[in-house]
Amino acid sequence: MLDLFTLEIIKNGLVVANEEMFQAFARTAKSPVIYEVLDFAVGITDANGNLVAQAPGVPAFSGVLDFAAREVIEKWKNELKPGDIIVSNVPYDSGTHLNDVTLALPVFSKDDMIAMVLNKGHWSEVGGMAFGSWNPNSTEIYQEGIMLPCVKLYSEGKPNKDVIDIIMENSRLPDYTLGDMEAQAASMKVASRRIIKLVEKYGVDNVKLAMEKLLEDGEKLSIFKLKSLPKGEFEAEDYIDAAIANTEKPVYVKARVKITDEEFIVDFTGSEKQVMSPINSPFPATVSGVRETYMAITDPHAYPNGGFFKPLKVKAEKGSVFYPVKPAPTSTDWEAIAFATELVWKALAPHIPEKLPAGHFLSIVATIVGGINDRTGEPFAIVEPQPGGWGASSNSDGTSCLVACGDGETYIASSEVYEKNFPIMVERYMLNTETGVGAGKYRGGFGVIREYRILNSQALVTIQVGRHDYPPWGLKGGLPGPGNKVFIYKDGKNKGEIRRISADVFRKGDLISILTSGGGGYGNPLERDPKLVLEDYMNGLISVSDALNIYGVVIEDKNVNIEKTELIRRKMRA
């Protein structure tokens, strides 16, 4: 039996191999959505597809890596060889949407497969009916791009030219696609070499033992943490209001959460059937969304591996918005994935307010701006999420300008990088004080105002907005946030508010104005400390009238009039 200290060294070696793979991909990728936004995730599984280690990345990706590994193992069984790399993006059994492409590299010690390295990244273009591939107007998956059903991209270390040619021919940005694909594959080889080094130093049996120990320790920790949670059944419901093609009808969703000392069961039964709109969440992505909340309330600093998630059980009806089947479109699946996370969060927040805040802006408000650069004649593409406001907690204001729950470690790309490389101007990028936040004893965090001015003769713009009609919810008397909004300006005229556009043509001088929502509030606004209200006013976040009408605080000459404030608050409470 290997001593525990050496086992810990091997365990951490696997984690570090992941982190090195993550950095290698981020530094060598072609697209800003990878090297600036970090829209990807990496992981290592054992030979059975159990996730043993991963690096921080997009949570919605991280939680599906074990599904992807098991799909590869099931399809290829004993046919995998050293140097093979499998590519897959079909969402239903192992993925998210078609842009999120998973590469899987089996790791061998002689003839024994001991592990699998996985890297799932957002490719900016995989074909389909609209530039950028994800399309709010799609009604079936065939409109969303090329499907790669777990096929060999590399065979024994050699690129499969036929498959690569098919991929390139179906991409509007073949140089970007090829650059990202090659960087992805190269980063995985870095992790593979690190695993082999561990095997050479400590022996294959000890590396396998370390993987088993990671899973065993994860399960023990998870069950230990479960014991501190409230026991019983908890429910929440909501509506996905991201615009659906040909209708504005919202999609009803619900979750029932059952917690025992041994299990954490989430049941989405009763949620609406899959829709002819790309908001459907593939079941692996639904599980991934639930894993986010599960980690948040058990141990956010734990190693997120298969053992840690073993007590978690997720149920959904096949053919529902949380478990779609072919040919359901999924290209804007983040709308439903985020609800898988937030429904569990909403059900439990009143019972563990010290761990879960009020509702946040939730929608990725994902944006594509692209076309052919007049100056260079080359294609360009901006593909990015937007940040927004998170909900207030039981002891503090919400966080401002943070990406939505499903985006995790992703960043917002530098405006200067975009303006230097692409024919656009980021005209405004600021806190969204115009529509504000959910007020409360503690207020929600602020969203942003982000505006893109087109400097090219033409550009194509795609965007979809959720959490509009059903805004971020408050807790314990806190008020809801204002909801996400997008306005467009063409030919110098305000064309009004939009909920979705797909590859819409914008001309030089046209403007897209995005206003993401502030988070929900916590507690009665009349209980907010007047000093905090004054601080918000002095920072330009609220006006004097806001302070009076929302919080009952009288500000005169940049100070709080305590006597008048107490009088006003008594009247408002009455």
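## Helix packing and buried sites in a predicted chain

Me: Which helix is T177 found in?
Reply: The model is predicted: local features need pLDDT of at least 70, side-chain atom pairs count only at pLDDT 80 or more, and totals for chains, interfaces and linings use all residues. Residues are numbered from 1 along each chain as its sequence is written, and side-chain values use heavy atoms, with hydrogens and water left out. Helices (H or I, at least four residues) and strands (E, at least two) are DSSP runs, numbered from the N terminus. On that basis, T177 is found in helix α7.

Me: Is T177 buried or exposed?
Reply: Buried means under 20% relative accessible area, exposed over 50%, and partly exposed in between (1.4 Å probe, protein chains only). T177 has 2% relative accessibility, so it counts as buried.

Me: Which residues does T177 touch, beyond those up to four places away in sequence?
Reply: Contact means heavy atoms within 4.5 Å. Residues up to four places away in sequence are not counted. The partners of T177 are then W123, E125, I167, M168 and S171.

Me: How many Å separate the C-alpha atoms of T177 and E20?
Reply: Along the chain, T177 and E20 are 157 residues apart.

Me: At roughly what angle do the axes of α1 and α7 cross?
Reply: Helix α1 covers residues 4-28, and helix α7 covers 174-202. Axes are lines fitted to C-alpha atoms, for helices over the stretch in contact, and angles run from 0 to 180 degrees between N-to-C directions. These two axes come within 8 Å and cross at roughly 160 degrees.

Me: What does that make α1 relative to α7?
Reply: Angles under 35 degrees count as roughly parallel, over 145 as roughly antiparallel, 65 to 115 as roughly perpendicular and the rest as oblique. The crossing angle therefore makes α1 and α7 roughly antiparallel.

Me: What is the class make-up of the contact of α1 with α7?
Reply: On the α1 side the contact includes I9, L14, M21 and F25; the α7 side includes A183, M188, I195 and L198. Ala, Val, Leu, Ile, Met, Phe, Trp, Tyr, Cys and Pro count as nonpolar, Asp, Glu, Lys and Arg as charged, and the others, Gly among them, as polar. The contact has 14 nonpolar, 5 polar and 3 charged residues.

Me: Is N18 buried or exposed?
Reply: N18 sits in helix α1. It touches V42, G43, I44, A53, Q54 and A55, leaving out residues up to four places away in sequence. Its relative accessible area is 0%, so N18 is buried.

Me: How are α13 and α14 oriented to each other?
Reply: Helix α13 (residues 544-551) and helix α14 (residues 562-573) pack with their axes 9 Å apart. The angle is about 45 degrees. The two helices are therefore oblique.

Me: Which residues in α14 do L548, N549, I550 and Y551 in α13 meet?
Reply: By class, this contact has 5 nonpolar, 1 polar and 1 charged residues. The α14 residues in it are I568, R569 and M572.

Me: Which residues does D536 touch, not counting residues up to four places away in sequence?
Reply: D536 lies in helix α12, residues 530-538. D536 is buried, at 3% relative accessible area. The residues that D536 touches are R443, R528, L541 and I542.

Me: What is omega for the cis peptide bond between K326 and P327?
Reply: Most residues other than glycine have a negative phi, and most peptide bonds are trans. P327 lies in the loop between β11 (312-315) and α10 (334-348). The bond joining K326 to P327 is cis, with omega about 10 degrees.

Me: What value is phi of V365 near?
Reply: V365 is found in the loop between α10 and β12 (367-372). V365 counts as buried, at 1% relative accessibility. Its phi is positive, in a residue other than glycine, and near 45 degrees.

Me: Where does S133 lie?
Reply: Phi of S133 is positive too, near 80 degrees. S133 is buried, with a relative accessible area of 0%. S133 lies in the loop between β5 (112-122) and β6 (151-155).

Me: What percentage of the 574 residues in the chain is buried?
Reply: The chain has 14 helices and 22 strands. Its C-alpha trace spans about 80 × 60 × 40 Å along the principal axes. Buried residues make up 60%.
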